[in-house]
Amino acid sequence: MSANIVIGQAPQGQSIEIDIKELLATRLLVQGNSGSGKSHLLRRLLEESAGIVQQVVIDPEGDFVSLAEEFGHVVIDGSAYGEAEVARLGARIRQHRASVVLALDELEIDQQMKCAAQFLNALFDAPREQWYPALVVVDEAQMFAPAAAGEVSEEARRVSLAAMTNLMCRGRKRGLAGVIATQRLAKLAKNVAAEASNFLMGRTFLDIDMIRAADLLGMERRQAESIRDLARGQFLGLGPAIARRPVAVNIGAVRTGAKSVTPGLAPLPTATTEELRELLHENLHVEPERPEFPRPAPRTEDAETLARRIAANEMLEPSPAQARERERERERAEPGAEESRAAMIEIMNAMALEDDCTFQSSTTLFQDFTIRCRMKGISVRGLDATMFRRGFAAALAGIKDPDDPRWEDLVNLSKHVPDDALAPFYVIARAAIDGKPCPDDMDLARIYGTSSPRRVQRLLDYLEKDGLIVVRTDFSGKRSVALPDLGVTTAPVEA
């Protein structure tokens, strides 16, 4: 089997190849502004090497899911699984050498970073006998390995950057070859970018990015201006897997397509001004009909079903994770389980009353919780970090027992809320159910674990865009928050 693939053609017409064997040992960095053809390049690389090497794609925009139809990649919807499930799937992928696309487009950036980190760590931590060669393609790598702190939480940035650093710095010995694409080198962490030995540089306009790209390509700085003149889909390549001297390459055609397309011009409406006015104002006072929750379509398969599909329906012995889960189920059925649960809830409620508890990381809180449980002789083997975070969020909102029938509809609706946004959502919902005013931004910020009211505004915007709440501020400046799925609204209060 040949390990060389044709990535495109030089301006003179000769084919430019990439040596996949060499790429596995030396990694690849792709840079180019939005619209320069990065995703097209990655798609060409994946399509041409699909029959040669296992492929794992971290896809923040869901652009590569079409590989499943043509090449048999398994698509994993990151929003459909919890942390433990994502880790188990990652372990199964290495075990069975499945080519997969981890689609993260249904998640917010914080959750994308945490999910990708959990997934990459599972690939990285596979036992030595499963260190098979695999291309790990990360699109928009500056999101997962940012050079500086941004709007995301420090915890998400830390775990994501650590996972990306492991992939690029230590992944080679474990068979993992990182292929990362970024819009700007200046936004990508230097210790991640520095580990790549192969480069494909596309069009970019900022001086700092042109100079860094020229330095990586071994070009003189006065030649950096040529990077600005590259056409869409044209790249400058260099590296042991591509060429020993910089070469220009026009990326070849692809067989699959992205779900997102570049918007083009469309004819303007032909309706008259009066017709448009009527359309805009028709039934303006009527709230649009909303589907009954659960709004998202139920996932068609759970993590274990997907794992079995990844394993090609082989009859497998239970994994250690499965064995532990079965043990937990047996423990829940044993006498005393209800008493243990009540004691756990009591501990969570006590922790929620402590000052500044929301400003601690979820990991620290979970460790504190497990220590308190052990001191009382309570086993926590049936409770993972995700279950704790959701239970603790309810405690912060004053919901003493989430299993109380009074909260059944709220708990069902909360399944569509990300873990880090759950506590403020519960607080708002609790106020609406009790007919009380919505807590002000500072109170919500404290529950959210931040001192920035602007982050609270972004949180409310996110919950409203997701259809979970409706924020209304009248002309007198009074704000109320409604939960249409529950049919409740907070009392109006000065915003």
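**View 1. Where helix α18 meets helix α19.** Ala423, Pro424, Val427 and Ile428 of α18 touch Leu444, Ile447 and Tyr448 of α19 (contact means heavy atoms within 4.5 Å). This contact splits into 7 nonpolar residues, no polar and no charged ones (Ala, Val, Leu, Ile, Met, Phe, Trp, Tyr, Cys and Pro count as nonpolar, Asp, Glu, Lys and Arg as charged, the others, Gly among them, as polar). The model is predicted: local features need pLDDT of at least 70, side-chain atom pairs count only at pLDDT 80 or more, and totals for chains, interfaces and linings use all residues. Numbering starts from 1 along each chain as its sequence is written, and side-chain values use heavy atoms, with hydrogens and water left out.

**View 2. How the two helices cross.** The axes of α18 (residues 422-433) and α19 (residues 441-448) come within 8 Å and cross at roughly 140 degrees (axes are lines fitted to C-alpha atoms, for helices over the stretch in contact; angles run from 0 to 180 degrees between N-to-C directions). That makes α18 and α19 oblique to each other (under 35 degrees is roughly parallel, over 145 roughly antiparallel, 65 to 115 roughly perpendicular, the rest oblique).

**View 3. The open sheet.** Here 11 strands line up as β2-β1-β11-β10-β9-β3-β8-β7-β4-β6-β5, with mixed pairing (two strands pair if DSSP finds at least two bridges between them; helices, H or I with at least four residues, and strands, E with at least two, are DSSP runs numbered from the N terminus). β2 (15-19) and β5 (74-77) sit at the edges with a single partner strand each, so one side of each has no neighbour in the sheet.

**View 4. A helix over strands.** Helix α7 (residues 154-170) lies across β7 and β8, at about 120 degrees to β8.
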